Amino acid sequence: MRQAAQRATVTAFAGFEEHYVWLGRLAYIICGDLHVAKDLVQETLLRAADRGIDLADPGAPAYMRTIMVNLWRRRLRRIALEARSLTRIGKTRMASEFESQIGDRDEVWRALSRLPRERRICLVLRYYQDLPEAQIARELGRPIGTVKSHISRGLAQLAVELGVDSER
């Protein structure tokens, strides 16, 4: 029984990589955003698996294309609905605001990448992963004072690189 289930799983996923590649290309062409494209591919493959689609079946690509296009259409409808709702309640944002936020975020990541490795790791664990300093110290095998020092110096260096007044 167990071997039959394993064979069924192997058969169901035969050609997975091939499908993943062409689905990824299609998704990127449809939406123009790498991250959204990856989400579309994953959701498409999950839905195909939920429906028991055999990836080796010659009709599988057409079925998966349909799933992906429908997912994209649903996403566009949701975005349009959210935009209309925000407009109705008067909380619209200009596209330039979003672009500036993205630019600011990119600038922070570039500055972060220029930090020494230990400082960067400590800052990412502290502020991106939201870990307490004691846990960071345990995970890195460093004294807590060293972790605090890396965080403090890393923040000061980021402030200088970003041209931010570091005084609070």
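Visitor: What pLDDT does the protein average?
Guide: The model is predicted, and 76% of the residues score at least 70. Over the protein, the average pLDDT is 78.

Visitor: Which element has the highest mean pLDDT?
Guide: Helix H1, residues 2-12, has the lowest mean among the elements, at 53. At the other end of the scale, with a mean of 91, stands helix H8, residues 144-162.

Visitor: How many helices and strands does the secondary structure come to?
Guide: From the N terminus on, the elements run α-α-α-α-α-α-α-α. The count is therefore 8 helices and 0 strands.

Visitor: What share of the residues is buried?
Guide: Buried means under 20% relative accessible area. Of the 168 residues in the protein, the buried ones make up 20%.

Visitor: Are helices H6 and H8 roughly parallel or roughly perpendicular to each other?
Guide: Helix H6, residues 117-128, packs against H8 with the axes 8 Å apart and at an angle of about 95°. Angles of 65 to 115 degrees count as roughly perpendicular. H6 and H8 are therefore roughly perpendicular.

Visitor: How do the residues of the contact of H6 with H8 divide into nonpolar, polar and charged?
Guide: H6 contributes Glu118, Arg119, Cys122, Leu123, Arg126 and Tyr127. From H8 come residues including Val147, His150, Ile151, Arg153 and Leu158. Together, the residues of this contact divide into 7 nonpolar, 3 polar and 4 charged.

Conventions
Residues are numbered from 1 along each chain as its sequence is written. This is a predicted model: local features need pLDDT of at least 70, side-chain atom pairs count only at pLDDT 80 or more; totals for chains, interfaces and linings use all residues. Side-chain values use heavy atoms; hydrogens and water are left out. pLDDT is the predictor's confidence in each residue, from 0 to 100. Helices (H or I, at least four residues) and strands (E, at least two) are DSSP runs, numbered from the N terminus. Buried means under 20% relative accessible area, exposed over 50%, partly exposed in between (1.4 Å probe, protein chains only). Axes are lines fitted to C-alpha atoms, for helices over the stretch in contact, and angles run from 0 to 180 degrees between N-to-C directions. Angles under 35 degrees count as roughly parallel, over 145 as roughly antiparallel, 65 to 115 as roughly perpendicular and the rest as oblique. Contact means heavy atoms within 4.5 Å. Ala, Val, Leu, Ile, Met, Phe, Trp, Tyr, Cys and Pro count as nonpolar, Asp, Glu, Lys and Arg as charged, and the others, Gly among them, as polar.
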